[in-house]
Amino acid sequence: MGLPPRSPSIAILGAGGVGGLVGAMLARTGDVRVSFVARDATAAAMHEGGLFVRSVQLGDFHVEARSATHLVSPVDVLIVAVKATGLADALDLVSSEAVGDAVVVPLLNGVEHLDVLRDRFGSERVVPAVIRVESTRVAPGQIVHGSPFVEIDLAAGDAPRGRVDAVRDLLAHAGITTTVRADEAALVWAKLSFLAPLALLTTRHRATIGEVRTVHRAELEALVTEVASVATASGAPADPATSLALYDRFPADARSSMERDAQAGRPLEVDAIGGAVVRAAERHHVAVPLTARLVVELTGGRS
């Protein structure tokens, strides 16, 4: 079982850098009905002025943006693209009737949110996913996409393969490089193995990606090794060299979303990213002294 053959309806929960970009790319195809669920001010701004994207890869484009503060009408796909720190509150904006039998595709950082979503919607509806992109909301309805790629990987999990393939085709048609992976653990830990060192170090040192991979290279290599060890113990063999090579794909002046949140005084995803690594390390008896220290430092001493 896949999605409706014509004009499937897609709701984007969260209109930040990731949700805004993915939703705008889907909307500009003209083949799907896209709506955004966002807070009052953002929903109002998007309803009035639409969504404008500035992108080094895609060029600049504008789409009309259906937006609301709650999801009440049934949809075929729900893409969850909020910060982990705001997941619980965001889910209160979505009625169970509107989700119904929809495919739920989470584009969050970390690994522990999958259990939250499966408990709420049922494991057969949740399609594990990760996204690789550098994209920022600079104002309500305004997105700046800085990386020369938008890549999403999916895993079937407990969802029917036909629905997973339908989501893959939907995203690929929008210009998103989309791949279905066989191993869920490998999928989510590959992303976290890359993200955790970068997010923790860029935020701790208030540095760009370029500075981290040069000035703080020793710490980066040590952290990558620690997280790779936890990933392997969690059933997802990781290659530190592959993670390190990925950093060279990013523009040197790029910043992690966590570091941008720190600069703006917003809540940080330290617990969802670094904390998740530490908790997994404790379960598997893996030593991660640098990761644990950075988590403590970034949370003001609260581990």
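This report walks through the sheets, pockets and cavity of one protein model.

The model is predicted, so local features need pLDDT of at least 70 and side-chain atom pairs count only at pLDDT 80 or more, while totals for chains, interfaces and linings use all residues. Residues are numbered from 1 along each chain as its sequence is written, and side-chain values use heavy atoms, with hydrogens and water left out.

**The open sheet**

Five strands form an open sheet in the order β5-β2-β1-β6-β7, with parallel pairing. Helices (H or I, at least four residues) and strands (E, at least two) are DSSP runs, numbered from the N terminus. Two strands pair if DSSP finds at least two bridges between them. The edge strands are β5 (66-68) and β7 (103-106), and each pairs on one side only. In this sheet β1 (residues 9-13) and β2 (residues 33-37) pair in the parallel sense over five bridges. Ser-9 has Arg-33 in β2 as its bridge partner.

UniProt, in an unreviewed entry, places the feature "domain: Ketopantoate reductase N-terminal" at residues 10-147. Such annotations may be inferred rather than shown by experiment. Over residues 10-147 the chain is 28% helix and 30% strand. The end C-alpha atoms of that stretch are 24 Å apart.

**Strand β11 and its partners**

Strands of a sheet pair through backbone hydrogen bonds, either parallel or antiparallel. Strand β11 (residues 151-155) shows both senses. β8 and β11 run antiparallel and are joined by four bridges. Here Ala-129 stands opposite Leu-154 in β11. β11 and β12 (residues 177-181) run parallel and are joined by five bridges. Asp-153 has Thr-179 in β12 as its bridge partner.

Is β11 buried or exposed? Five of its five residues are buried (under 20% relative accessible area; exposed means over 50%, partly exposed in between, with a 1.4 Å probe and protein chains only). In a regular strand the side chains alternate between the two faces of the sheet. In β11, Glu-151, Asp-153 and Ala-155 point one way. Ile-152 and Leu-154 point the other way.

**Pockets and cavity**

The search uses a 1 Å grid over the protein atoms alone. A cavity is a set of points where a 1.4 Å probe fits but cannot get out. A pocket is an open set with protein on both sides within 12 Å along at least five of seven lines. Lining residues have an atom within 4 Å of a point. Grid points are joined across faces, edges and corners, and a volume is the space filled by probe spheres set on the points.

| Space | Volume | Lining by class |
|---|---|---|
| Largest pocket | about 1,200 Å³ | 20 nonpolar, twelve polar, eleven charged |
| Second largest pocket | about 320 Å³ | ten nonpolar, three polar, six charged |
| Largest cavity | about 40 Å³ | four nonpolar, no polar, two charged |

Ala, Val, Leu, Ile, Met, Phe, Trp, Tyr, Cys and Pro count as nonpolar, Asp, Glu, Lys and Arg as charged, and the others, Gly among them, as polar.

The largest pocket is lined by 43 residues, and those closest to its centre are Gly-16, Gly-17, Ala-81, Lys-83 and Asp-261. Which element gives the most to this lining? α11 does, with five residues.

The second largest pocket has 19 lining residues, including Trp-189 and Lys-191 among those nearest its centre. α7 supplies the largest share of that lining, seven residues.

The structure holds one cavity of 30 Å³ or more. The largest cavity is lined by Arg-132, Phe-149, Phe-194, Leu-246, Arg-249 and Phe-250.
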